[in-house]
Each structure stands twice: as structure tokens, then as C-alpha cells.
Amino acid sequence: MLRINFENKLKELHAEIIGMGSFVETAINDSIRAFKTNDIGLCKEIIENDQVVDEMEKNIESKCLWLIAREQPIASDLRQITTALKIITDMERIGDHASDISELVMRLPGKNSFADSIHIPQMAANAMEMVKNAITAYVTFNLELAKKTEAQDDVVDDYFNLIKQEIADVFKSQPQNMDNAIDYLLIAKYLERIADHAVNICEWVRFSQTGEHKNTQIF
């Protein structure tokens, strides 16, 4: 009976993490939609909702610590709880970056002369796909999907390098747009960090299944 109760609590924890993941995915999608449409109202909504993500992280963290303290989980269960603690940290940071992007969008003009030449939408699409697949890999315990998602980080990095070059060209040809160009570069940097957090989630998915993290066996 005790084991059944513990497994039920793990399932509840798992469901809450899925809910947090879905909320974070929406935040990223909305921040890029706001970027494309210059929707200031949506930006404000994303920034306000970041507090919801923070509360989700705190609640899940409390439940994880309670399970460790009260249930004395065995090694495989402890890996699941440790993974949950690590993943919610990355998801919270992803939510922060969606809010950061929204704050930058609010500073940008409605139409910029060099905006159309920048590959931020393509970079964003890849970063969003990585987050979605990383969370799916966690939900479905899919190590193969986790590996594929990690490899996709190279695509996001390539876009970031391309955008940096485009921004450098703007500095040379349109010095009057320098402030806006820096904001575009910061948006790209936040997207790169979002992809990095997706990679982190995938690494913890591997740990939850194998007990290994970054080629080091832990337990």
C-alpha cells in the first residue's frame, strides 16, 4: 500500500511538470508571435504570467523535497525526483527568457528597416521545437528523442552566428539603427539560451533513465 501511494504521488508530480511545460511552451510561442506582430498587449500578458511559472516551480520543488524527506525513495525513484527538480529549474529559466524577449519587443519600433532580413523567426521556430521535444522526451521517457533534440542545438547556434553577422552589417550600414540592432541581438541570445535549457532537460531525461549525466554515473 505504501508503495502504491508513493507511485501515485510520483504520477501527480509528473502531471504537474507536464502542466508547467505546457505553460512555458505557450509563453515562448506567444513571445515570438508578439515579436512578429508587435503585439504590446500580449507582451505585457507574458511578463505578468512569468509569476505563474515561478509559483509552479516553487510548488513542484516543495513536493519533491517532501517526497525525499518523508518517503525515503529508492535509487530509481530518487533519480526521478532529482530529474524533476532539475527540469523545473530549466523550465523556469525558459519562462524568464520568454518574458525577457517580450520586454525587448516592447522597446522595438513597429516596423524596422532591417527586421525582415534577420533570421530570428527561423531560429525561434527551431528553439521552440527543441523545448517541445525535450518536454515530450521527458513525458514519454524517450531517450532517442532526447538525443535528436540535443543535436538540433547546432542548428540554433548556426542561426545565432548568422544573426550576429547580420547585426554587424547593420552597425556598418545603418548606425542610426544601432540601439534596435542590439535589441535584436539580445532576442537572438535569449533564443540561444532557451535552446541550451532544452538541451539541459534532455540531459536530465537521460539521467532519469540511466543514472548517468554528462558521461558520469551518479546513482
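This is a short talk on one protein chain, from its overall layout down to a single residue.

First, the ground rules. The model is predicted, so local features need pLDDT of at least 70 and side-chain atom pairs count only at pLDDT 80 or more, while totals for chains, interfaces and linings use all residues. Residues are numbered from 1 along each chain as its sequence is written, and side-chain values use heavy atoms, with hydrogens and water left out.

Now the layout. The chain has seven helices and two strands; these are DSSP runs, H or I of at least four residues for helices and E of at least two for strands, numbered from the N terminus. Read from the N terminus, the order is α-α-α-α-α-α-α-β-β. Along the principal axes, the C-alpha atoms fill a box of roughly 70 × 35 × 20 Å.

Of the 219 residues, 47% count as buried, meaning under 20% relative accessible area with a 1.4 Å probe, protein chains only. A contact means heavy atoms within 4.5 Å. Among contacts in the chain with a separation of 6 or more, 83% are between residues 24 or more positions apart.

What is one residue like up close? Take Thr149, which is found in helix H5, residues 143-151. Is Thr149 buried or exposed? Thr149 has a relative accessible area of 1%, so Thr149 is buried. What does Thr149 touch, leaving aside its neighbours within four places in sequence? Thr149 is in contact with Met130, Asn133, Ala134 and Cys202.

Conventions. Buried means under 20% relative accessible area, exposed over 50%, partly exposed in between (1.4 Å probe, protein chains only).
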